[in-house]
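Hi everyone, thanks for coming. Please have the model open on your screens, and I'll walk you through a few places in it.

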Amino acid sequence: MNATPPTSSVDLLERRLTELSRRKRNTARLLVLLPTLAVVLAVAAAVIVGVRLGLPEAEDAAPWIAGGALLLPLLVAPFLGRVRLRRAQLAAEIDTLADARGLAMGLAAEPAATRDERWTSRLRRPLEEITWPRRDWSKLPLVGLAAAAVIAALLLPQRYPDPVVPPPPWQAHFERTKSRLEAAETHGVLPHDEAERLAKQVERLEAHAGKSGMSQAAWDGLDRVDRDLDRAIADARARLAEAIAAAQTTDQPRANDPPPGTPGFEAAEAERRRRDRDRLKKKNPETPEGAAEQQAAERKRLLERLTRDREDERLQQLAKSLSGLAEAAPGLLERLDSATQEALRQAMEQANALDQLSPEAREALERMLRQAAQQAGQQGESGQEGQGGQQGSGEGQQLDPEALAKALKALEKALEEGAGQLGQLGGPGGEGGEGEGEGMAGLQRMIARLRAGLVAPGAGVSRGPGSVALTQGAHPGAEATPGEVGALPPGAKENPDGSITLAVTSRDPDLDPAALEALSRGALENHDPANADARRVHIAPRHRGAVSRYFGDDD
Amino acid sequence: MAMMTEPELQALQTQAQAVLDGLDQILYGQEALTRQVLTALLAGGHVLLEGLPGLGKTELVKGLAHLSGLDFKRVQFTPDLLPGDITGNHILQDVPGQGRQLVFRKGPIFAQIVLADEINRASPKTQSALLEAMQERSVTVLDATHRLPAPFFVLATQNPVELDGTYPLPEAQLDRFHVKLEVTGVGQDVLTRILLSRPDGRPETPAPVLDTERLLTLMAAVQRIALPEAVAEYIARLVDATRPEVVGASALVKDNVRWGASPRAAIALAGCARAAALLAGRPSVGFADVKALAPAVIAHRLIKSYEAGLRGLTTRDVVGELVGAVPELAS
């Protein structure tokens, strides 16, 4: 072998190897850099879009994000393309590129100093004419696309969030009305259908106000709803006061009764008890009588008792009050325990047997009794029994006076609880705790007046439970203040149509301005003002019936 | 090992080229065949020639023996041929002064070039008599091992048709052949040339251009041809790609090859590639040398699957596709 010193040809092979190595490294870097750059730029574009659309506080960072996304891959590019290339691989590639058929590989495997010059000179021309492979720029369009996305994101106008719009001032009024409606329905002082109607009306008004502002019509509508609600609450309160007064005065002595402890009182009481025992004595079930005859006999005995005893009249009064309460505030009576409800049910049946209840009152009464029976059934299922002595009275059995007194006590307690709930709703014109206290005070005054009407003030001829001192003025009592709706004792104003006026007011009637305006235009000819009852002046003293019965032929 | 210089390589190439030229004068129109035969010979390998009768296989081997100046024996394989007929036998012989003794009489295998004509007509037992000779270049008869002369080449022929009464060569025997070459027919112009130049149809017996010593020098020079690392890796990848059990084997190999090539195939391929480079006058092996020789060196070592037979796919087709599929440079 002829070893020759390195020549330019030898250097050429080494230079080509070095150049190929550099090119391959650059190609490797390019292969990693371009997709990385495209991905980073795309991510940066997405981040900048996010900043533009929703992060105004990071507005100044957007150009820095773009610059960072561009620089970061370029900075790490030298480290990305680190490929370890073996000399044998490089020589093989050079051999292939130069079409040296193994000569370049063979020479590259030898030390440069020992390479044969003839072989190297034979390789010189192919090495000089070597054609390098083109770099792969296929990912460059992706980079351009990502860069364009970054530019577009930077050009996006910065969007700032809309300032928080405070709720309109009228919103509080709607909220207050809605909460009152919800509370009224929850406490049972407002029938469900009525509450639903009012709630829908409030929703419509609120939607209208939200769309086109709180117009005068919307204010009027909201006021109407409030007034309806106030009226319902006042009605429930009046019915409740009436029922409580009736329950409290059922066992009170009559005005012409001898005072307790005197011989006359004892004799009268013994006579009354004897009659009660006779009346309450069970009829022999084996007596061969028809059902109609038996019912007629029971009816007759009931009539006899009711015409003689004041309890019967007060029972009638209590039944009417409770039926009115059940109609106005169906939720309040559900709080009674099952024994009390059973006793009341019997009292209602007795009162109903007199045919003195109106169809509406009877319907409300039946509904209340169904609820009571359902509740009693549920309580019986849950094992809460123990009132068997009172519940044991069968159908057609007369109510024991002691059981009635016990039931009335429980009823009084439950109604007082209902009165507490009702007071929490606030009265007409009342609001918050002040209104609550005022409502309770008004209710107490109403009960006191009713009691005063039910209990005779002194000796003399009793004018019945509806007896009140007739006054010529519109002011019903000393406690009533001007402008307040004051309740009347039960039966104080018995109207010819059978209805009873419960309360009067000394103030001007509440008139609907919108309705009045419509009336003035003739649009609503049959419009009935809401407080039309308050303007009735019919007076039908309750004692008139008692007098006629006293002088009747049948006694 | 240092790379050969250009003058040194050119001198060796000239000698080898003289053999090639002589072979081309014996066998017209088969330059590629004669080149591959000489390549295998210089690589020290045995050659299996497959072709129809009358294509000049025997004349090629005889001419090569004459040109290279080597001792030549021919064995016509027949079904009744016995192993002793090839390796030799012990016979009783009167030795003066020593009486009768068993003396080993060498068979035709004891030659530098052995032509095993129609090798597939002998029984497997007789074919197996060649196994040790081809691999170890020695023959063991009874207790005695006899070295064969160097260089030792077996050039076998077989007929792909008329397979009745033949015995296909076992895989172990096939693996010992460096290359398996298919001898094909020649064109009209070559036939015309044969008819005009050879009235009796026989080629002239050429004068030797080599002798044993120079042939051994040539064979030693082949070992000095550089095999670059990248080419060696390529050979390894190529041979490995023929094995279906290897993880990542191609679907082509998995579907069509039952057994792949052995490491002996890689060694043979590297040797033949070196010889081809020498014949081309290059001091180093290139990828092209490997690609050109891969089908001849590898194909007969593969055992194709049943499905490949149904498809009409040959192992040479598989190797040809692998040559195109396996990249020259490792990734």
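Let's begin in chain B, where two helices meet: B:Ala16, B:Val19, B:Leu20, B:Leu23 and B:Asp24 of H1(B) touch B:Glu31, B:Thr34, B:Arg35, B:Leu38 and B:Leu42 of H2(B). Sorted by class, that contact has six nonpolar, one polar and three charged residues. Please keep in mind that this is a predicted model.

How do these two helices sit against each other? Packed helices are described by the angle between their axes and the distance between those axes. Here H1(B), residues 6–26, and H2(B), residues 31–42, pack at about 140°, and their axes are 10 Å apart. Angles over 145 degrees would count as roughly antiparallel, so H1(B) and H2(B) are described as oblique to each other. The crossing of H1(B) past H2(B) is right-handed.

Chain A has 555 residues, and 30% of them count as buried. Its secondary structure comes to 19 helices and four strands. Chain B has 331 residues, with 42% of them buried, and its secondary structure is made of 14 helices and 11 strands.

For the contacts along the sequence, take pairs at least 6 apart. In chain A, 76% of such contacts join residues at least 24 apart. In chain B, residues 24 or more positions apart account for 79% of the contacts with a separation of 6 or more.

Next, the place where the chains touch. The contact takes 20 residues from chain A and 19 residues from chain B. Which elements of chain A give two or more residues to that side? They are H3 (87–98), H4 (103–108) and H5 (117–128) of chain A. H3(A) provides the largest share, seven residues. By class, the chain A side divides into eight nonpolar, six polar and six charged residues.

That brings me to a helix of chain B that reaches this region, H9(B). Its buried residues are B:Ala230, B:Val231, B:Tyr234, B:Ile235, B:Leu238 and B:Val239.

With 12 residues, 229–240, at 1.5 Å a residue, H9(B) should span 16 Å, and its end C-alpha atoms are 16 Å apart, which agrees.

Finally, some backbone details. Most residues other than glycine have a negative phi, and most peptide bonds are trans. Where are the exceptions I want to show you?

One is A:Asp99, which has a positive phi of about 50°. A:Asp99 is in the loop between H3 and H4 of chain A. It has 13 C-beta neighbours inside 10 Å, so A:Asp99 counts as partly exposed.

Another is B:Glu118, whose phi is positive too, near 50°. B:Glu118 sits in the loop between strand E5 (113–117) and helix H5 (124–136) of chain B.

B:Pro151 lies in the loop between strands E7 (144–147) and E8 (153–158) of chain B.

That's my tour, and I'm happy to take questions.

How values were computed
Residues numbered from 1 in each chain as written. Chains lettered and ligands numbered in written order. Predicted model: local features only at pLDDT ≥ 70, side-chain atom pairs only at ≥ 80, totals over all residues. Contact = placed C-beta atoms within 7 Å. Nonpolar A, V, L, I, M, F, W, Y, C, P; charged D, E, K, R; others polar. Expected span 1.5 Å × (residues − 1). Buried ≥ 20, exposed ≤ 12 C-beta atoms within 10 Å, placed from the backbone. Axes fitted to C-alpha atoms, helices over the stretch in contact; angles between N-to-C directions. Parallel < 35°, antiparallel > 145°, perpendicular 65-115°, else oblique. Left-handed = near helix turned anticlockwise from the far one by under 90°.
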